[in-house]
Amino acid sequence: MDFIPVNEPLLDGNEKRYLCECIDTGWISSEGPFVKQFEEKMSISVGRRYGVAVSNGTAALEVAMQAIGVGEGDEVIMPTFTIISCAMAVTKLGAKPVFVDSDINTWNMNVEEIEGKITERTKAILVVHLYGLPTQMDKILALAGKYQLKVVEDAAEMHGQTYRGKPCGSFGDISTFSFYPNKHITTGEGGMVVTDSGELAERCRMLRNLCFRKDVRYVHDEISDNYRFTNLQAAVGLAQLERLDEFVAKKREMGKYYTEHLSDLKGIKLPVARTDYADNIYWVYGIVLDEKIDISNREICRLLAAEGIGSRTFFWCMHEQPVYQKQELFEGERYKTAEYLARKGFYIPSGLAITREQMETVVGKVRKVMKAILDVC
Ligand SMILES: *Cc1c(COP(=O)(O)O)cnc(C)c1O
């Protein structure tokens, strides 16, 4: 039986040609010319002035948080339903994530809860756009203005998406991207920080590269990591970026197909196709089981795997992470909607290389597994 993986990237453009150019010229490190080109093209594509490429999306968040000056004792408001990179970028600096529950329809953070979480220690709001629909930015930008807070935008899942017609990755003080193979464009591993501030961009370049002092090499006034991005990665990135519009259209077609062929199924909720501020770009195609269905997302993933279908559970909430519980952080905190999504949400094969035939198979197997579940429930 052919197994349909949860993600397969599409690399049939100029990737090979640009990679060969790296090999032929000997430019493979972060000093190669593609890196700057990719930074420029990425920043232009989201309407930012500067781009600083880094080794992955997690590093981009760390660099962004450090660049805006998050430090010991500061608080950063963010959704609890997200990837650990978000919380880690804050806890690593001795600062505290302050969580907000999720919106049941969009799966993004519930912006109505943010104001109540602001204290004198609040330094920033970390917006994380999830699964293909952006977070409602108007309210967040208004709060940031009112309380003088920084805004960091994690746009890892938002390549090519817009919010009220303005590109995701262009909001707030600084935005981050990931180029992991399940994002709309990939470089294998990779990430980028984009900003309109020359000062922040310069700071990010320092932080990306061990904080070498400008005047004298191998002398350091402070510590940071090596988060450099290679010419090889940039070669792939340039080729991918050329096809971003096509990729976004393909993902939307995928979303439309799955929704058309699954929407009559009982016991599940499908992604919202559009809101008044954006059309879904389906980073991945998520499905959420109804609360009354007494089965976990992990079990569904096992059942699908037995049918030859790759799938993944949704994120696990930050306030429920064992690593933070060991540190006695977030004790007694509850976020009902986020906890529900983490237990009942999963996603089905949604990579850019997916074929119509594979989607037909996926639909058939999802229907089979759901029927079997509904029969016993
Ligand atoms: C993928 C992702 C990241 C992390 O990116 P990596 O490149 O895997 O480190 C961060 N935030 C969000 C929302 C993501 O989807």
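Student: Why does arginine 164 count as partly exposed?
Tutor: Arginine 164 has 45% relative accessibility. Buried means under 20% relative accessible area, exposed means over 50%, and partly exposed is in between (1.4 Å probe, protein chains only). At 45%, arginine 164 therefore counts as partly exposed. This is a predicted model, in which local features need pLDDT of at least 70 and side-chain atom pairs count only at pLDDT 80 or more, while totals for chains, interfaces and linings use all residues. Residues are numbered from 1 along each chain as its sequence is written, and side-chain values use heavy atoms, with hydrogens and water left out.

Student: Where is arginine 164 found, and what is its phi?
Tutor: Arginine 164 is in the loop between β6 (162-163) and β7 (166-167); helices (H or I, at least four residues) and strands (E, at least two) are DSSP runs, numbered from the N terminus. Its phi is near 45 degrees, a positive value in a residue other than glycine. Leucine 210, in the loop between α6 and α7, also has a positive phi, near 60 degrees. At 29% relative accessibility, leucine 210 counts as partly exposed.

Student: What makes leucine 238 buried?
Tutor: Its relative accessibility is 6%, so leucine 238 counts as buried. Leucine 238 is in helix α7. Apart from neighbours within four places in sequence, leucine 238 is in contact (heavy atoms within 4.5 Å) with Tyr18, Phe34, Gln37, Phe38 and Lys41.

Student: Phe34 and Phe38 are in α2. How do you know that the span of α2 agrees with that of a helix?
Tutor: The expected span is 1.5 Å times one less than the number of residues. The 13 residues of α2 (residues 33-45) should therefore span 18 Å, and the end C-alpha atoms are 19 Å apart, which agrees.

Student: Why are the buried residues of α2 said to line one face?
Tutor: The residues in question are Phe34, Val35, Phe38, Glu39, Met42 and Ser43. Their directions, taken from the helix axis to the C-beta atoms, fall within an arc of 160 degrees, so these residues line one face of α2. In general, an α-helix has 3.6 residues a turn, so residues three or four places apart point the same way. On the other side of α2, Lys36, Glu40 and Ile44 are exposed. The buried residues of α2 pack against α1 (15-25), β1, β8, β9, α6 and α7. Just after α2, glycine 47 takes a positive phi of about 75 degrees.

Student: What does α12 show when put to the span test?
Tutor: With 21 residues (356-376), α12 should span 30 Å, and its end C-alpha atoms are 31 Å apart, which agrees. Met359, Val362, Val363, Val366, Val369, Met370 and Ile373 are buried in α12. Seen down the axis of α12, these buried residues fall within an arc of 140 degrees, so they line one face. The face turned away from them carries the exposed residues Glu357, Asp375 and Val376. The cover over the buried residues of α12 includes α8 (244-262), β11 (285-289) and α9 (297-306).

Student: What makes the pair of phenylalanine 81 and phenylalanine 314 tilted?
Tutor: Rings of Phe, Tyr and Trp (its six-membered ring) pair if their centres lie within 6.5 Å; planes under 30 degrees apart count as stacked, over 60 as edge-to-face and the rest as tilted. In this pair the centres are 5.9 Å apart and the planes are at 45 degrees, so the pair is tilted. Phenylalanine 81 lies in the loop between β2 and α4, and phenylalanine 314 in the loop between β12 (312-313) and α10 (322-326), so the pair ties together parts that are 233 residues apart in sequence. Both phenylalanine 81 and phenylalanine 314 are buried. Phenylalanine 179 and phenylalanine 229 form a tilted pair as well, at 6.4 Å centre to centre with 55 degrees between the planes.

Student: How do you know that the charged end of lysine 166 sits over a ring?
Tutor: The criterion asks for NZ of Lys or CZ of Arg within 6 Å of the ring centre and within 35 degrees of the ring normal. The charged end of lysine 166 sits over the ring of phenylalanine 171, 4.4 Å from its centre. Arginine 217 lies over the face of tyrosine 218, at 5.6 Å from the ring centre.
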